[in-house]
Amino acid sequence: LALEPEMARRLDSAPMGNAQLRPLSGAPRAVQQDPVEYEARESDHNKSVDNEFWSRKKGESLDMPDKQFQGAGTYDVIGAGGSGGAHGARTGGSFAGRAAAPDSPLLRGLKWLAKNQHADGSWGEQGCEMETTGYALLAFLGAGYYHGSKETHDGICFGEVVKNALKYLMGHQDTEGCLAPRRGEYMDDHLPAALALCEAYGLSGSDLLKAPAQKAFDFTMAAQNDGGGWGYLPKDGRSNSLTTGLAVMVMKSAELSGLNLSADCYARTRNWFDSVTNDQNHLVGFASKSDQGKSPGADAKFADHPTATAMALSSHILGDKNRTGAPKEWAAILSADLPRWEEASTDAEYWYFATLAISHYDPRGPIQTKWNTALKEVIVRNQGEGWKPIGRLAGKGSAHTTALNTLTLTILGR
């Protein structure tokens, strides 16, 4: 599907310029942590010299956001420091007026992604382009960049990178709102892209993104199984915790972006995770209480990680808006399986979702400190510009691993 010509024209003609980012009204401010360095830059914000917001100036394009931007590290849904989204409450960030310091691990990851974006705006190996593009776009949004940002690195404007990725997503959305090609088990391709689209709308407030984001969310909700979870296909009756956790992130992002959703959506997903949590060891199952979080057909040469437990912990906090009610056993399970850079153990997907869950559960506490120390050791030490693909996700290529690790760094920089 091609992006509608008028929408493409309006995206191309949107005025460029970073916004002064802020949290949504009433959201608590997050505290910046040490692992990723930031430096003060000349203020780039969405006011004119006479202090009028662009979106209200006479004669200016209505493509600019209708509301001020959030803290440069987008929604708390994706875990990056500061605006909205599925991660808890779009906690406010402390990055307004800041940017990633030169040669920081975060900036290096973003520059690698910018240089390796395909001509059509996507990233990734054939067959997983939509999933990889969703995660790569989330990394830029997590660092505070949107389709109007003007900051340039190595001759590449990050706003253009975001804009081209959004065009790719919107150009592939079908009439029902699905973003992924409908081949194979495609919900895990649709959901990261849907999350990115909802986050992009919530970060920018651009009317151009509202309808596509709402459609992507509506398709997500229509795909939910009767038991409250999601599977690899819409309403397939075979829910799993990983797909369900991604769907909860989309729900939270949609909620905090002001999209339309039902009041009882979280209760049903909570029931799903309760139904697959082992009563003895508290491990969350992939599809049942007895499977110990192992997905069917998993390659035995790779270590099993409690990714399903990470998804359950994040989902619990996002849905209940209360970290104190989350089972402490889940956090203990994650902190007992720290990141290691080994062929059999490296898993960028587990690292991201566990980092996110722990940041929700124990911000700046001993569990997060222990986790972040181990993560920083492996993720920064083994970075070139991007990261070489090793471990369980190696077949998805460097772009996929780099997108996930860069997105994880936006949490470390919070």
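Predicted model: local features only at pLDDT ≥ 70, side-chain atom pairs only at ≥ 80, totals over all residues.
**View 1. The whole chain, before we zoom in.** Start by getting your bearings: this chain has 414 residues, and 61% of them count as buried. Now think about who meets whom: among contacts between residues at least 6 apart in sequence, 71% join residues at least 24 apart.

**View 2. Helices α7 and α8 side by side.** Here you see helix α7, residues 241-256, together with helix α8, residues 265-275. Their axes come within 11 Å and cross at roughly 160°. How do α7 and α8 run, roughly parallel or roughly antiparallel to each other? Angles over 145 degrees count as roughly antiparallel, and α7 and α8 are therefore roughly antiparallel to each other. Their crossing is left-handed. On the α7 side, the contact is made by Ser241, Thr244, Gly245, Val248, Met251, Lys252 and Glu255. Helix α8 brings Cys265, Tyr266, Thr269, Trp272 and Phe273 to the contact. Sorted by class, the residues in this contact are 6 nonpolar, 4 polar and 2 charged.

**View 3. Thr220 and the residues around it.** Find Thr220 in helix α6, which covers residues 207-222. Is Thr220 buried or exposed? With a relative accessible area of 0%, Thr220 is buried. Which residues does Thr220 touch, if we do not count those up to four places away in sequence? They are His190, Leu191, Ala194, Trp230, Ala247 and Val250. Try to pick out each of these in the structure as you read.

View 4. Thr307 is found in helix α9, which takes in residues 307-320. Thr307 has a relative accessible area of 6%. Buried means under 20%, so Thr307 is buried. Look next for Leu242: it sits 65 residues from Thr307 in sequence, yet the two are 7.3 Å apart in space, C-alpha to C-alpha. Leaving aside neighbours within four places in sequence, what is Thr307 in contact with? Leu242 is one of its contacts, along with Tyr350 and Phe353.

Notes:
Residues numbered from 1 in each chain as written. Heavy atoms only, no water. Axes fitted to C-alpha atoms, helices over the stretch in contact; angles between N-to-C directions. Helix = DSSP H or I, 4+ residues; strand = E, 2+ residues; numbered from the N terminus. Parallel < 35°, antiparallel > 145°, perpendicular 65-115°, else oblique. Left-handed = near helix turned anticlockwise from the far one by under 90°. Contact = heavy atoms within 4.5 Å. Nonpolar A, V, L, I, M, F, W, Y, C, P; charged D, E, K, R; others polar. Buried < 20%, exposed > 50% of the residue type's maximum accessible area, 1.4 Å probe, protein only.
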